[in-house]
Number of protein chains: 4
Amino acid sequence: MSDITRTLTPVYSNKESASRVSGKTEIKIAYIGGGSREWAIKLMTDLALSEHLKGTLELYDIDHNAARHNQILAESVFKHEQALTQFDVAVASSLESALRDADFVIISIEPGPINYRHADLEIPARYGVLQTVGDTTGPGGVMRAMRCATLFEQFGRTIEKVCPQAWVINYTNPMAVCTASLFRGYPDLKAFGCCHEVFGTQEMLAKRVAEWFDVEIPSRTEIKLDISGVNHFTWAASARWQGNDLFPLLDQITSNEELFASKANDALKQAEAKKWFSGHYLIAFDLFRRFGALGAAGDRHLVEFVPWYLSGMAELYRWGVVATPYSWRLERTTGPRKALAEIANQPLASTGEEGVLQMEAILGLRSLTTNINLPNRGQLPGAPKGIVVETYAEFTRNSVRPLLAAQLPAGARLLIDRAVQEQSILSEAMAARSLDLAFQAMLASPLVTIPTDKAYAMFMEMVDETKAMLGEWE
Amino acid sequence: MSDITRTLTPVYSNKESASRVSGKTEIKIAYIGGGSREWAIKLMTDLALSEHLKGTLELYDIDHNAARHNQILAESVFKHEQALTQFDVAVASSLESALRDADFVIISIEPGPINYRHADLEIPARYGVLQTVGDTTGPGGVMRAMRCATLFEQFGRTIEKVCPQAWVINYTNPMAVCTASLFRGYPDLKAFGCCHEVFGTQEMLAKRVAEWFDVEIPSRTEIKLDISGVNHFTWAASARWQGNDLFPLLDQITSNEELFASKANDALKQAEAKKWFSGHYLIAFDLFRRFGALGAAGDRHLVEFVPWYLSGMAELYRWGVVATPYSWRLERTTGPRKALAEIANQPLASTGEEGVLQMEAILGLRSLTTNINLPNRGQLPGAPKGIVVETYAEFTRNSVRPLLAAQLPAGARLLIDRAVQEQSILSEAMAARSLDLAFQAMLASPLVTIPTDKAYAMFMEMVDETKAMLGEWE
Amino acid sequence: MSDITRTLTPVYSNKESASRVSGKTEIKIAYIGGGSREWAIKLMTDLALSEHLKGTLELYDIDHNAARHNQILAESVFKHEQALTQFDVAVASSLESALRDADFVIISIEPGPINYRHADLEIPARYGVLQTVGDTTGPGGVMRAMRCATLFEQFGRTIEKVCPQAWVINYTNPMAVCTASLFRGYPDLKAFGCCHEVFGTQEMLAKRVAEWFDVEIPSRTEIKLDISGVNHFTWAASARWQGNDLFPLLDQITSNEELFASKANDALKQAEAKKWFSGHYLIAFDLFRRFGALGAAGDRHLVEFVPWYLSGMAELYRWGVVATPYSWRLERTTGPRKALAEIANQPLASTGEEGVLQMEAILGLRSLTTNINLPNRGQLPGAPKGIVVETYAEFTRNSVRPLLAAQLPAGARLLIDRAVQEQSILSEAMAARSLDLAFQAMLASPLVTIPTDKAYAMFMEMVDETKAMLGEWE
Amino acid sequence: MSDITRTLTPVYSNKESASRVSGKTEIKIAYIGGGSREWAIKLMTDLALSEHLKGTLELYDIDHNAARHNQILAESVFKHEQALTQFDVAVASSLESALRDADFVIISIEPGPINYRHADLEIPARYGVLQTVGDTTGPGGVMRAMRCATLFEQFGRTIEKVCPQAWVINYTNPMAVCTASLFRGYPDLKAFGCCHEVFGTQEMLAKRVAEWFDVEIPSRTEIKLDISGVNHFTWAASARWQGNDLFPLLDQITSNEELFASKANDALKQAEAKKWFSGHYLIAFDLFRRFGALGAAGDRHLVEFVPWYLSGMAELYRWGVVATPYSWRLERTTGPRKALAEIANQPLASTGEEGVLQMEAILGLRSLTTNINLPNRGQLPGAPKGIVVETYAEFTRNSVRPLLAAQLPAGARLLIDRAVQEQSILSEAMAARSLDLAFQAMLASPLVTIPTDKAYAMFMEMVDETKAMLGEWE
């Protein structure tokens, strides 16, 4: 175990100091959901490129084979000629054993078999409730949350028991309520949630900056935003590059109606090409022109928090947004896995994710301020205490301290408040395993504008199809 | 002027005491909007039946003729053989003169000519945004609020100048934001807003009580509710009659799906018969079964605060609710007025409104606790300070003190919070005369689920059609 | 059991109605601490004079003989020729049996043997910390609270188990934290705390009114105050009689320095005559002239909440206040008890306490609004939730609803906030049985201005002398 | 003007970038109170040692000669052989001219002639109210605040008019209320307050760390504290060095009663030697052992916020604390000024103050997180909005963002809340120029435990002696 979990040593340990200064700091990471096709490999890649860390990575997944496959891939990663360090990668037989002696715990799970996403996405669609992602809010978000409730309380309980001093990073969606569930009963856990959506907004602005100022596209980290809100529905209260205020420039481009001309054709082509994740940021821009602050997540997430854009696929396409379909999710998860050779033959490039930087900063090895998800202790003024909000935090040695969020315009704040309210009732539902409250949380989504009796039928159909994981709910 | 506005008299005035004890208390009432077809006559009727009051009623309306007509009708009222007291009824030539020496001020105006209601109701309908009333929230509510902003600030200012000690009762909709505008800049005004919607809920329950307990239909005042929320979107946290909890009984009837069988035929007949105000309380009951608290206003109001019932007329009719059409509003207002004889030949019956009871209680002549609208100082826990909320208040001599609202279930509270947020941004818009904020308030209505660009076109059309009254807005 | 604890009866019980209308309502009262020399007799007297109630009173006291003595006295009370009703008075052998079937529970105990008051009062005095009462705040208040912690949690637990629907009235000091302890773990308990200190303020003002207005001394209930604060440190934001504002008149008398001329001689005589409870209200008046609101409790209580008047006995006497000494407390409690004959030979007069009125109002037999102590749900804006505050509440059938407190001037509010903070940390100490927190609560008292090390020695001496009751504390 | 005040330049200025990268950034600093004997010279010294800055420093002081003297001294500083950069130092003839084109404004004034400190310190002493500093709280703090009210509102108004984009650093005491006054009416000002008291706590701990871990005394910046509170009454919720928790070690030393053995002799010697600023940190340690968090300001400040240590000089000395006497303040200010030669002949050493670092960080030239004073927007959870609190803030280019304060133990929080309340009423007094409220603020100080009538006499004496500066107060 590294120093962050050390108990008090009244005399300074020169050995530890030496190891940190001259060499690499040794840590153990437990990865829950370690069979993930995407996230585990990304993490290993960034670890391999760390100048500061070495140690052990222990993968735990209920799909044992998936974890084993990643263990095999690990070899390609850490033996890659560009790798700067070495991690032993093991597969754990139990959650407890993965967590033992962990300095860091990463949680990135899929709650239930992938075909449960059918219930999340396809049943609502049949009732006329469309979703672009369906993992955070609305019918799909509520169902995922219900399936996560028991799991995350178990994760929290086990971490508290086995490695209470470890730092826990959650990547699982619905981010806010899953992270909140970790803390339920264990308020002293050192956990937070992470998401990369804001990076996309920075990158989009970096491209605009290149045009506006006639320079090379700057690094996304040069774009300074004042972020706050809830995960996937964050807003920027300001945007600056090199001290230049970018909002007046955004004002100019969004005042031009042409920017908002129908993108239906683009969207159609995109859908045909199965390019689900690129976008035009028209929703972000539309929120900007209506509310004076910039929506700072991908459009496919933003549209799910307001009632205006998802009345139909045609409407959605008009804004250049496509919905990630269930069919593709199924295909991607059940298709063939990445082969060893694929990794070995490609250059080992930083993924742009921040997990490894965060660990280094918590170990005192670098400075970092970034946006993360934490229970509100006041960092989002006006939001209730305990709600998980996304704001900046300063990472220092063994400490993650939220910054106070900048003030957003009243209209943006109102929309965030509504997402907060929905989260609040969903969290209550999860704590109580209450179907009634879960249904109220679903009704609280602006996507659900069908009559309550039809909504209830839809909800019960979804519950029925996934009931194997909802045994505690009543 | 009566004793409530008296300045300190260091030695007790025996004369005043005598007059109050042995005879009737003399007051002056100023009625702003005194040409109202309905409300002025109702007030005069209740005044005529008062055992405690006498004095002067001064009517002020920008439609001078309408006020004069009511002055003439007053004779029939106060000379009616059942009248118990006498009021001199005058028509004021200016707001100031109406207010001079007033002990009570009643505000009950129509903001603008009746054909402005075309913009409020018909333009949104063309864009697919239906409203049942359109005077409180949604497009119609926002537009009325915009037209009221300058008027109510002027009323507040003039009252502060001319009769700062007078008690002000507002009946005008949108109730909450109009009442709030009165206080803007004059926080010490003794004003509150009144509405009779809760009475309807009590009467509905009284009928149920008669069935359930096999008794005569009790008086509505025997139905004890725990009311709170915002005007037209109040909820009952409990309901009791003679100490009996009525919620388990409501539970029984709303568990029966048959109660919610389609009322489309009834609604159709009702619409044909132009019976706009009766209803089945299915929406109130649906909110009860979904959220565990009873919606305590007419269904035509309740449906405007949630996104579930107003997707189309057919859907609305299914719940037994009809929308009051613009055509009828026009007809009623421009048709022939009530004749003198009509009043003289009918018995003089209490209207069931509470204005006169409230005045008597403020004069110390009776005790009264009832639901009214006041800026929140904490009576609705969790709602921001200053927002106008509807809760109980205890009326005593020269004092109106809110009771703390009972706790509602989380889901009901969430819905009220959203109405509060909408009110908050609408109030800000009114204070700033800001078109941008007014549009944001419109978007904040759950009724507006059309795309933002179409909503903006709709908004600007509405503004354009009523721009004669929106000179200060930009 | 009376109707307030009835479960739902779907058909209205005519029998019950009849009994209530034609005869007296039958109730059972459990009296915890029923050996009290004063309070039990007062309650019995008021019960005997009730036009509405009859039933059973069951006394429970760990001093069984004391309770038996009161049972004997009861005969004199209820057989008194002026008695209007009859109560059977029993002595319970256990808390559970006293509570069984109770409609009302009254708690009025002395926490520990009377000689524990030596620790509360005499040890601090030796350290230079003087107290006038020492039962609410300061060293004595903290020690009493410590001795009450376990007892009141037990009362709460047993009531929850045996008679969860009963209404509980607490008279025990320290009022606020004892009442709070009842609710710990049982937030749905129907309990409140009562105190008569405000009555004294009303009576004092009634006498002033007689002078000011040249009338007979009015009833104290004619003096309308706007009360709020915490028990024994309540303030009036306004005072009115018959609509007359009394504050300008108070202003006149308190502007006169002569009013504040030394009352040392009076106080000395009072102390010699052992008249501990009368007073000049100079402290109430001094708070009024300094802070613009009237201290609304006896001066002996008020002085304990601020650091200005208790630096020595001479200083205290200057303000006409005397401190109730330990010696008298001892003497009163250990002296001979009231004899039967004493009661029979005196007229049976209402005591002026409100317990019986409150019970009648809760039974729906009269209307009542009065000041009581309840956990803050928002009725004292700005004070934390859960703190027990004293404000008005409206009593209706089976319901006690707080009114929102009127706004006090900033300076008065600051002083109340400090008392609230002290209560808050004392409550935390009680919940945790933490000596450290209890000592912090003692330091938080403005009476404790001695150095912390000396204060700690004092505290530990007090703990040591009463340790027999502090077994759970550490 | 530097880039922080630049308005939008749509095309990136290569010139500016170049100048920043290759050379030094040019800024203008306005120094209000520029005749200060100490602070102006300190600032110039740190400026002279800056690797990043050059430009102009304009001094404004109502004592024109004092400013001129500093202008002359500037030559020694900037021509010093160790100086790394150059600043032109000018003396401004008016506040407006000093502020014109300023990028930074520093405010460090003495409110009134030094002999006004006689009223602040000596009059209270005569009434038995002792103060160690008397510039922040208690009688002296209140009087200084009263003298600052008009000045700081004028500073705010003029900055808003002349250089609204400039960053303003206030060093004047009473820090909190002076900084608050700047914002009154100008909430968008970019101002904050700075104080070095926490540095002393870090240095004290650094020395302890050297002992505990047997290492060289580390730099104070290696001591990581979790600071929050109000200026001069800040507390550390935790203390770490190199990841080691220092609180258990503090626990050990403060458990030893010997640490608290009387320091009366030391203090006496210190007083004789006129060493007013060194100390034993016994008060900080005593607060630590009583409340579980470390008082993080000098003892002479800490003792003024609680009622326990200042009952007399002997008591104070026992804790090793000395009071800075009026006589010394007078002497220091009226004695001979520093001579040119003094500076030239000494090495030019960094003062340890952070002003220049803060300016560099605001210019984007370094990263910095430090404790500063800002109006509360939520960074000190539980404290009212607008109160000026001391917490950490992250300095980035043109942005100063507060971090959310760590949670303190309940008892420490209670004491801070009381200081907050005192500040709140004092701020209100300043805004209203109200003698009544100012007196209430004085009574709110725990140092004032004398009877209210004597306190009032004291207050009026102080007002009388300084009335030349209190013309607006009534």
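Visitor: Which residues does Asn173(A) touch, leaving out those up to four places away in sequence?
Guide: Asn173(A) touches Asp135(A), Thr136(A) and Arg144(A). Two residues are in contact if their C-beta atoms, placed from the backbone, lie within 7 Å. This is a predicted model: local features need pLDDT of at least 70, side-chain atom pairs count only at pLDDT 80 or more, and totals for chains, interfaces and linings use all residues. Residues are numbered from 1 along each chain as its sequence is written, while chains are lettered from A and ligands numbered from 1 in the order in which they are written.

Visitor: Is Asn173(A) buried or exposed?
Guide: Asn173(A) counts as buried because 27 C-beta neighbours lie inside 10 Å. The cut-offs are 20 or more other C-beta atoms within 10 Å for buried and 12 or fewer for exposed, with partly exposed in between; C-beta atoms are placed from the backbone.

Visitor: What does UniProt list for "binding site"?
Guide: The unreviewed entry lists Arg117(A) and Asn173(A). Although spread over 57 residues of sequence, they cluster in space, with a largest C-alpha distance of 12.8 Å. UniProt positions use the numbering adopted here, feature names are shortened, and annotations may be inferred rather than shown by experiment.

Visitor: And where is Arg117(A) found?
Guide: Arg117(A) is in helix α5 (residues 116-126) of chain A. Helices (H or I, at least four residues) and strands (E, at least two) are DSSP runs, numbered from the N terminus.

Visitor: Now chain B: how many residues of chain A are in contact with it?
Guide: In chain A, 25 residues are in contact with 25 residues of chain B. The largest share of the chain A side, 8 residues, comes from α17(A).
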